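Subject: Model handover

Hello,

Here is the model we spoke about, with my notes below it. Please read the notes with the structure open.

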Amino acid sequence: MRRLAPMLLAALAVMAAACEKKTQPTGEAGGAPAAQAPTTAQGGGTPPAGDDVIVLGEVGALTGGQATFGISSRNGIALALKEANAAGGVKGKKLVVRVYDDQSKPEEAAQAVTRLITQDKVVLILGEVASSSSLAMAEKAQAAGVPMITPSSTNPTVTEKGDNIFRVCFIDPFQGFVMAKFARENLKLNKVAVLQDNKSAYSIGLTEVFRQKFAEMGGKITVTESYSQGDTDYRAQLTAIKKTQPEGIYVPGYYSEVGVIARQARELGLKVPLMGGDGWDSEKLFELGGSAIDGSYFSNHYSPDNPDERVKKFIADYKADYNGAVPDALAALAYDAARVAIEALKNAPDTSGPALRAAIAKTKDFPGVAGNITLDEKRNAVKSAVVLKVADGKSTYVTTISP
Amino acid sequence: MSQLLQHLINGLASGTIYALVALGYTMVYGVLKLINFAHGDVMMVGVYMGYATAFALGRQAQRSMWGVVVIFAVAMVGCALLGFLIERFAYRPLREKPRLTALITAIGISFALSYGFQLDIGFLPGASPRAFPEVIVPSEWFIIGDRDVVVWNWQVISFLIAVGLMAALQFLVYRTRFGKAMRAVSYDHRTAALMGIPTDRIIALTFMLSSALAAGAGLLYAIKDTSVSPLMGLYVGLKAFVAAVIGGIGNVPGAVVGALLLGLVEEFVVGYAASTWRDAVAFAFLILVLLVKPGGLFGRVAAEKV
Amino acid sequence: MAAQSGGVTTLPGEDVGRVPPALRGLLPVLIAVPVLALAEVLLGSSPFATYLLSVVGVNIILAVSLNIVNGMTGQFSIGHAGFMAVGAYIAGVTSLELKEVALSFLPVAASDQVLFTVALLAGGTCAALCGFLVGLPSLRLRGDYLAIVTLGFGEIIRVVVQNTEAFGRALGLSGIPQYSSVAMVYFWVFLTVLVARRIAGSSHGRSLWAIREDEVAAEAMGVDTTGYKVRAFVISSFFAGIAGGLFAHFVPIINPGSFTFVKSMEVVVMVVLGGLGSSTGAIVAAIFLTLLPEGLRSLFGALGAEGSLAQKVDQIRMPVYGILLVVLMLARPQGLFGTKELWDVLPRWLPRKKKGLS
Amino acid sequence: MNTAVSAPVTSGSGDALLQASGVSIRFGGLKALTDFNLTVRQGDLLGLIGPNGAGKSTAFNVLTGVYQPTEGEVRVAGQRVNGWVPHQINHLGLARTFQNIRLFRALTALDNVKVACRAQGALHPVRLGPAAKVGTALRNYRDWWRALLLTPGFQSEERELTRQAEHLLEVMGLSHRRDEEAKNLPYGEQRRLEIARALGTRPKVLLLDEPAAGMNTREKADLMVLIRRLRDEFSLGVLVIEHDMKLVMGICERITVLDHGETIARGAPAEVRSDRKVIEAYLGDSYLESHGGAA
């Protein structure tokens with residue numbers, strides 16, 4: 001027993017040393033594992049040949065409360081890289097991505113991104129879904145002059161952190177506006193209740209805009225109730241909502257909760273349509289919600305009905321790689337973000353921060369699976385949103401709403 | 001009025017589930033004075049076992065009477081086994097050590113289970129929640145007004161199962177030899193051992209019992225809220241633990257009353273006050289109860305013999 | 001355990017012979033400041049090392065301060081993250097408010113550090129106030145029940161933050177000026193440890209130990225047990241608040257999700273793993289447990305170089321962390337050092353080193 | 001209640017340091033102590049005896065503030081202490097030992113005593129008015145800072161404490177155990193250490209709860225001598241609970257006998273020994289066979 005403590009001390013010293021060592025990533029491609037000779041492990045790992053790979057960094061929530069979203073994003077990015085490498089890589093170099101888990105915590109995201117920048121020397125950073133974590137990363141990336149593309153952080157402040165921070169999705173205010181407009185003009189609703197996720201900045205952001213816009217358009221918000229991500233019982237909120245007799249309920253949360261909310265709403269006899277945002281987009285929604293979610297609407301980046309070959313191929317490839325799972329919006333956005341990054345790597349004269357930054361900023365009408373991407377001067381994607389209706393275990397296109 | 005009734009039904013429904021989980025905390029605390037932080041996660045594992053069984057049975061079988069019985073049996077037996085292993089390898093070696101030590105291993109197990117089940121490697125389910133199959137085909141049993149208040153068959157069935165489990169437990173603890181031994185161990189496990197009570201076996205059995213109960217509770221919970229996720233144990237576990245303390249941890253009826261109270265308090269805070277403050281009110285309620293009755297509602301603070 | 005030597009209250013390291021008594025109190029500070037300044041200069045160019053060391057430092061402060069309550073006094077607090085949150089948010093808001101302010105008679109950098117210190121102290125003081133409030137129930141509550149109250153307090157704080165616009169709600173508070181530096185963090189680490197050690201070595205510390213050993217007897221021997229418990233809570237939460245304040249000034253964004261019950265448990269784990277009552281144990285455990293996930297990252301990064309598994313290795317860290325905790329506790333139930341300090345234990349490992357360090 | 005019992009008898013000198021008058025305590029319906037009267041003055045060496053469950057330890061607990069009396073009053077150094085907590089009563093000069101030894105087990109012998117020495121020196125002696133309370137709080141605050149800054153004054157104070165504690169250890173013959181953890185001491189020494197610790201609080205009255213329990217005849221004899229010596233050397237009033245009749249009869253000048261919470265006899269050893277009620281109480285308890293025989 002006494003031996004343990006000194007051993008721990010020794011292990012600690014080794015670990016500290018390993019952390020300090022300026023390692024090159026030990027290279028792992030999204031696909032083409034055979035092409036990538038695994039490097040022998042020595043301490044923190046020896047650098048690979050070095051010149052024949054370009055290293056990208058990714059931070060995501062692979063564990064913790066938001067793991068669902070982080071894992072989808074990781075899969076999307078991995079798919080994009082695999083395709084790029086199969087097509088010969090960029091400028092004759094293979095692309096590899098280093099993925100770090102932030103346990104759904106912003107301080108871990110900051111730590112991971114710092115490690116990516118200083119230890120792994122990545123040229124570009126992809127991630128996060130949660131805006132809090134993206135903000136933490138943005139601060140570090142901006143300071144280090146490494147470009148960062150967030151696939152799905154919709155909080156407006158993220159890209160305000162600096163000129164190195166980009167995003168390939170629209171922002172909260174737009175999405176809130178889309179659904180308010182749709183509810184008021186297409187569905188002709190007068191009274192709507194809101195059920196928001198109080199633990200998610202995304203949900204709070206959408207709620208704020210929706211309430212404001214919906215009221216401006218002459219509608220009435222009957223009540224705003226809250227739940228916390230991870231809850232599974234929403235009956236109390238729904239009972240309170242039912243009392244106000246709304247004609248619709250806006251639930252700008254994530255599918256992991258929305259499906260269950262729909263079931264419980266129906267159980268309590270609330271038959272009005274639910275409405276939501278891109279957080280709904282996942283095939284899991286249909287599994288969790290069952291028939292209860294039918295007749296609900298949500299705004300999204302793209303429609304899976306899209307006859308576009310590109311989208312079909314993406315869905316097929318994704319299914320092939322991930323046990324038949326249908327990609328959700330987060331996977332699609334992550335895939336797009338990675339492809340924007342790859343495109344920029346191709347176009348940029350070199351992989352230095354400023355060159356990449358300039359190349360990304362020039363992205364215009366890039367054909368993403370989640371809509372065409374044009375980055376504005378605020379480095380946000382200018383996209384139109386589609387509204388989808390859920391029925392019979394799938395979502396169908398209803399209308400497109402432009403900014 | 002109908003709204004009040006609906007809130008009452010909701011509150012009681014979540015309260016009964018808290019109660020079943022809280023009983024597990026209370027029993028283990030009773031015999032070992034250990035806050036078993038892994039309890040909620042054991043529950044989660046039980047739900048996944050039930051989930052896997054339901055799938056193995058197929059859609060038709062899982063909805064039959066015996067299908068439900070099989071699902072519950074597999075989950076409860078599986079969890080009892082898990083509880084046994086945890087007790088045997090993570091707690092028993094530390095029984096004569098400072099109490100905090102076992103608490104840390106409990107936390108370790110909790111981390112390993114809840115994070116482990118988030119992995120999408122091998123048989124592990126991955127982080128996203130999954131829909132729990134409707135093993136009891138929903139039908140409306142009782143309707144007031146124009147569907148103002150609806151009571152579903154599964155709500156009644158769950159309630160009955162929960163009450164049945166609690167009654168069985170009460171019987172077991174207060175009317176059987178095993179229960180007597182358990183209470184003796186709870187009172188003083190060293191003396192109990194001297195009196196010829198097989199302490200190790202009693203403690204192991206208590207663990208298995210509480211884990212089986214957790215699995216049952218978890219399944220009812222999953223049926224009620226129709227989903228299962230790796231983090232469910234953390235959330236439900238914490239609340240159930242609070243419920244056990246409100247009732248007086250170590251006290252069986254106390255856990256039930258505490259859980260029902262907590263369920264109702266949460267429900268009414270959301271229903272009639274601000275839903276954002278639900279968790280804060282739940283904990284404030286806990287602190288209030290403890291300040292008025294330092295040993296919980298039914299617990300007694302053991303007056304220290306001087 | 002077979003304890004033979006000095007026991008818990010000797011003041012090793014402070015038995016500096018030949019130092020005039022008047023200087024003894026200040027000596028550690030005089031040594032520490034230049035060392036820290038040097039460290040800052042050396043590390044300034046490595047952001048990752050800086051970040052990691054800062055996290056380690058904050059965790060050391062948390063563990064050592066919690067040890068005052070959980071280890072020395074034998075109470076059981078599992079709401080340390082709550083106090084940390086109070087410190088982080090109060091210090092963060094203070095710094096944000098004072099962002100544009102500069103003290104004209106000082107150079108900008110120095111002025112920033114002064115403001116930073118003000119913010120830290122504000123955070124620490126508010127946390128200490130909360131500690132006082134939480135300590136009060138200890139008038140009536142014992143053991144596990146007190147623990148639950150601390151847990152409840154921590155959760156209430158989190159909900160309050162989540163519902164307060166000024167604290168950024170769920171998104172968190174960002175844009176807090178990043179004043180923190182390794183030197184600053186470790187200056188506070190140093191202060192925390194010094195305070196903990198000096199309490200341990202003083203009559204106050206002995207009273208705390210006495211409460212831990214036997215509350216009834218302590219009370220009968222004239223120890224104001226309630227008073228001491230409340231004071232232990234106040235001191236402990238003050239430093240937790242400071243840790244939070246430091247945290248807020250090197251992490252780009254603070255967010256309610258960072259101060260959950262899980263964070264509290266992590267700190268408890270550090271204290272228990274280090275050995276209840278052992279400050280150096282808490283330090284070593286804090287360093288070890290903070291670097292462990294990062295070390296596993298290096299390790300897995302080196303091992304899992306192929307295919308899709310490589311992208312999953314980072315996920316495996318947390319379950320492995322959990323299992324390691326179990327293994328460590330089984331292997332060493334009394335914690336690394338028991339109630340001893342590093343120097344009480346070291347000579348036995350290094351038999352040739354001169355004994356009687358204490 | 002016969003009259004002979006309630007008449008106070010004293011042999012000590014000066015004012016009453018500890019006085020219980022008409023003290024009763026009930027736990028629920030159970031009367032643990034009824035109309036208990038006792039006066040201890042400086043120089044007294046009193047005994048409190050009675051069969052098991054007679055209420056002896058309860059009496060101690062009421063006197064020291066662990067339990068609150070249901071009726072009657074307790075005065076320490078002339079101060080009414082009903083409602084006070086144990087440490088406040090201790091600060092008035094009442095110290096005790098415990099029947100089932102309650103040392104600070106993980107602390108060294110020296111530290112055990114130092115805890116007590118210091119606590120007495122701490123600056124919150126009695127219940128105070130608001131102004132004095134603030135003053136106490138401030139001094140307390142300053143006291144912590146002195147410890148944190150390791151001021152020269154603090155250091156000399158520590159040395160003084162150590163010296164005092166070492167002296168007490170020496171008196172109790174424990175100097176050789178100075179740095180031993182309390183839990184590693186042999187039984188008899190643990191008992192002595194408890195007394196040393198109690199003396200550390202500089203008491204005026206010392207309450208010993210079965211100090212001789214578990215000792216052999218020789219040790220008991222030594223203890224008798226020691227208790228007398230302590231009384232004289234530290235100018236104490238001493239109250240001893242003891243099972244062992246021989247010990248009590250040997251050293252106590254006056255004895256109070258409890259049975260079922262009631263005082264059934266009181267007086268000099270010889271008187272008590274021949275009291276019919278006492279003999280009944282003890283014989284009924286089969287006490288004499290089990291304990292008296294061994295003594």
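What share of the 295 residues of chain D counts as buried? The share is 48%, where buried means 20 or more other C-beta atoms within 10 Å of the residue's own, exposed means 12 or fewer, and partly exposed is in between, with C-beta atoms placed from the backbone.

Some conventions before the rest. This is a predicted model, in which local features need pLDDT of at least 70 and side-chain atom pairs count only at pLDDT 80 or more, while totals for chains, interfaces and linings use all residues. Residues are numbered from 1 along each chain as its sequence is written, and chains are lettered from A and ligands numbered from 1 in the order in which they are written.

Chain D

Chain D has twelve helices and ten strands; helices (H or I, at least four residues) and strands (E, at least two) are DSSP runs, numbered from the N terminus. Among contacts in chain D with a separation of 6 or more, 69% are between residues 24 or more positions apart. Two residues are in contact if their C-beta atoms, placed from the backbone, lie within 7 Å. D:His260 sits in the loop between strand 9 (254-259) and strand 10 (262-267) of chain D. D:His260 is not a glycine, yet its phi is positive, at about 50°. D:His260 is partly exposed because it has 15 C-beta neighbours inside 10 Å.

Confidence in chain C

Chain C has a mean pLDDT of 83, with 87% of its residues at 70 or more; pLDDT is the predictor's confidence in each residue, from 0 to 100. Within chain C, helix 4 (residues 80-97) of chain C has the highest confidence, at a mean of 95, and helix 14 (residues 342-349) of chain C the lowest, at 68. The pLDDT is below 50 over residues 1-16 of chain C, a stretch with 35 contacts in the model beyond near neighbours in sequence. It is also below 50 over residues 351-358 of chain C, where the corresponding number of contacts is eleven.

Chains B and C

The contact between these chains takes 36 residues from chain B and 35 residues from chain C. On the side of chain B that touches chain C, the elements giving two or more residues are helix 4 (99-116), helix 9 (232-247) and helix 11 (278-292) of chain B. Helix 4 of chain B gives the most, with eleven residues. That side of chain B has 28 nonpolar, five polar and three charged residues. Here Ala, Val, Leu, Ile, Met, Phe, Trp, Tyr, Cys and Pro count as nonpolar, Asp, Glu, Lys and Arg as charged, and the others, Gly among them, as polar.

Helix packing in chain B

Helix 9 and helix 11 of chain B pack at an angle of about 25°, with axes 9 Å apart. Axes are lines fitted to C-alpha atoms, for helices over the stretch in contact, and angles run from 0 to 180 degrees between N-to-C directions. Helix 9 and helix 11 of chain B are therefore roughly parallel; angles under 35 degrees count as roughly parallel, over 145 as roughly antiparallel, 65 to 115 as roughly perpendicular and the rest as oblique. Helix 9 of chain B passes helix 11 of chain B in a left-handed crossing, in which the near helix is turned anticlockwise from the far one by less than a right angle, whereas clockwise is right-handed. B:Val242, B:Val245 and B:Ile246 of helix 9 of chain B meet B:Ala282, B:Leu286 and B:Val289 of helix 11 of chain B. By class, this contact has six nonpolar, no polar and no charged residues.

Helix 2 (residues 39-62) and helix 3 (residues 65-91) of chain B pack at about 150°, with axes 8 Å apart. Helix 2 and helix 3 of chain B are therefore roughly antiparallel, and their crossing is right-handed. Residues in the contact include B:Gly46, B:Gly50 and B:Ala54 of helix 2 of chain B, and B:Val74, B:Gly78 and B:Leu82 of helix 3 of chain B. The contact of helix 2 with helix 3 of chain B has twelve nonpolar, seven polar and no charged residues.

Backbone points in chains A and B

- A:Gly127 and A:Glu128 are joined by a cis peptide bond, with omega about -25°; A:Glu128 is in the loop between strand 3 (124-127) and helix 4 (131-144) of chain A.
- B:Lys33, not a glycine, has a positive phi of about 55° and lies in the loop between helix 1 (2-32) and helix 2 of chain B.

Regards
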